[in-house]
Amino acid sequence: MSNAKSSFTNELALGEFPRGDRKPRVIVTGGSGKLGRSTVKYLSDEGWEVISVDTRRPAGISEDGKSGLNGAYRLVEIDLEDMGSVLETFMTTDMAYSGIDAVVHLAAIPSPGQTSASRQFRTNTMGTYAPDFPAAQIMANLRIDKKHAAVSIPSARISSGDKWSIFDSVTGDPAELARQIVTIGPEKALAACPIQRFGKLLTVERPEQESLRAVLSAVHERLNSSARRPTSIGILGAAGSGKKFTASNMATHISNDGPANRLNYNARLLKSDDLIAACHAIRDYTASGEITIVTFENFEAVLESEHSILNDFLVIMRDGQFTDRGSVHNLGSPLMFFLVNHEGGSDNDEPFPPPTPTSPRTTDFRQRPNLDLSLLMDYLHGLVRVAGPNQASAKDKTFPVRRAMMLRHILGQKHPQLIVNGRMNVEEGVLHALLLVPRYKHGLHSLEKIISTSRLSGRTKFDVSALPPEEQIQLHVDGKIFMSHLRAPKLVPSLREKLAEGMFEIYKKRRIVMCKTDEERKALDTDRSMRDWDELAPELKESTRAQADDIPRKLRAVGCFMLNEERSEPLLKVPGFSVEELDMLSEIEHERFNAERLQRQWRMGPRNSKQRTTPFLVPWRDLTQEWKDVDRVMVECVPAILEKAGWHIYRMKEDVEVNGSM
């Protein structure tokens, strides 16, 4: 639901200037209570700017009221029984912050017996009227937010053990979704998906979101407790998976963009004296009262058996103490991230294991038999696995989506000139290669290196000519596979062959229908392009296969994609194309035919496949209607041929109303 009006005053305050885009703003009464704290935290995580109103301060708030607000932007201490204070708070907040979008009224005395009956009645009943916020007016102005889809939860499937997520239900082909993320941005491409943002880290996969929330919840609990000991979080992933980016944005989320001290160390370079110096620096920063966030990169070096400072780290994590020249010092309560480079396990592993807010499993560090993990696991308060841009296992179908969000972030940050009219201008072949090349040799570092060495300065389009030479690309990916994706993306061989053979049979039938005389029909018997599929010349077979390979591109041109499974709303099955779509797709097919023939050195002349001559190398407007109809038939048959092969065409339903079918 969304509110059509941004402020209940509908006027600018005296001396106030119009403001640009801002976060939606909400007042939460009772924000310091048990339910209130959870609500404030949830709304803040969801992108709201929260003004917390309560008679008391929450536990853990600083003296100046600027930190420890549990995600709230501001705390206002008032009593809802005081009508004047309530009105003053609402009016001044509305004027000072250019509008209030909503109020969540939670302030109450939660149970009988805590105060007199008359006071409980005044607070819980009469206090509800005190805010005097025009709720009826707001409700009248509410409208359905149609960008979100209505999803029915398959309880039977879930109870039987099947895995299900909203993300899988409202999205189609991950590769097509990845293209949309890069082209139009994740906010628009993922509008129907439950996304969550932690700083600049955007997550869409439910296991990843649950894992991060579980760890962050554990962190908040420890930071708000009276214990003066470090909080230790392990971040596990392959080299170049984005662990540092994840840690940085978790830190930003935890500090709520407030003041925080950040320290970074490369554990591979640390010696005993370096660690002691680092501990003194951490201790000094924690003594200031501000949250102190420490990141130790390459921590796998410390985990090697018999490393000289491993025991020192374990004491720091367990007791929050370190020793310098015989004196024991308390470290304070910093938040410490330990970044461990580690490859995933077998192909049966999933990219995101179950959440591990406490007691991570030793088996999460397989394939490093020389690591001493038995003690380390006891002292981590949470573990986050970062999947990175590469496919984690055979079950990992959404790696193009993760890769797309990384690519969009890199291009938008380093080459914003590529965004033209709100769209990232990347040539289709380049985008296909960057998103679907099987593996980046050094993870995110390889992707960044390919982008940084591309010739994009001053360009408004990322095309093939901007890429670095193939020899340089080979350093980061399999160069041959990458270049093949650039030239002509191909379907899976078995599907490619099946579709090509089906389209060839449609072509032959159309050619027979076109014959008007017996002589024309007899001439087809000697036409090399009319032989059976098994006897067809290899070049003509490959031409038909190329036509099959082009099906996904044509579907994208009309906002569709193909899936090999049955899906329901918000995905709509497309049994056929409209007249307008057929007109456009027919012309696209003719352009593809011309490009393919010219690339294979065909030339204008009478139809002769042996001599590589054809009379059809002309613009669409100059093609005869008879042969325009051939192109039309060849695109019109696509839904039926895909259906026969076990695939279906879908498009996302537009303006899906939220009907509560959850």
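**Ground rules.** I am working with a predicted model, where local features need pLDDT of at least 70, side-chain atom pairs count only at pLDDT 80 or more, and totals for chains, interfaces and linings use all residues. Residues are numbered from 1 along each chain as its sequence is written, and side-chain values use heavy atoms, with hydrogens and water left out.

**Whole chain.** I noted 26 helices and 22 strands in the protein chain; helices (H or I, at least four residues) and strands (E, at least two) are DSSP runs, numbered from the N terminus. Of the 662 residues in the protein chain, 47% are buried. Buried here means under 20% relative accessible area, exposed over 50%, and partly exposed in between (1.4 Å probe, protein chains only). I also looked up contacts, meaning heavy atoms within 4.5 Å. Among those between residues at least 6 apart in sequence, 69% join residues at least 24 apart.

**The five-stranded sheet.** Back to my opening pair. β10 runs parallel to strand β11 (residues 291-297), and 7 bridges join them; two strands pair if DSSP finds at least two bridges between them. Both belong to an open sheet of 5 strands with parallel pairing, in the order β10-β11-β14-β9-β15. β10 (260-266) and β15 (382-385) are the edges, each with a single partner strand, so one side of each has no neighbour in the sheet. From one strand to the next, the twist averages 20 degrees.

Next I checked the helices on this sheet. Helix α9 (residues 206-223) packs on it and touches β9 (231-237), β11, β14 (335-341) and β15, with its direction at about 150 degrees to that of β15. Helix α13 (residues 310-319) lies across β9, β11 and β14, at about 140 degrees to β14. For these angles, axes are lines fitted to C-alpha atoms, for helices over the stretch in contact, and angles run from 0 to 180 degrees between N-to-C directions.

**Strand β3.** I found that 6 of the 6 residues of β3 (residues 49-54) are buried, so the strand is largely enclosed by the rest of the structure. Glu49, Ile51 and Val53 cover one side, while Val50, Ser52 and Asp54 are on the other, and all are buried. Strand β2 (residues 25-29) runs parallel to β3, joined by 5 bridges, and Ile27 stands opposite Ile51.

**Helix α7.** In α7 (residues 174-184), 8 of the 11 residues are buried, among them Glu176 and Arg179. Just after α7, Gly185 has a positive phi of about 100 degrees.

**The three-stranded sheet.** My last entry is an open sheet with antiparallel pairing, in the order β18-β22-β19. β18 (561-563) and β19 (571-573) are the edge strands, each pairing on one side only. β18 and strand β22 (residues 648-652) pair over 3 bridges, and Met562 has Ile649 as its bridge partner in β22.
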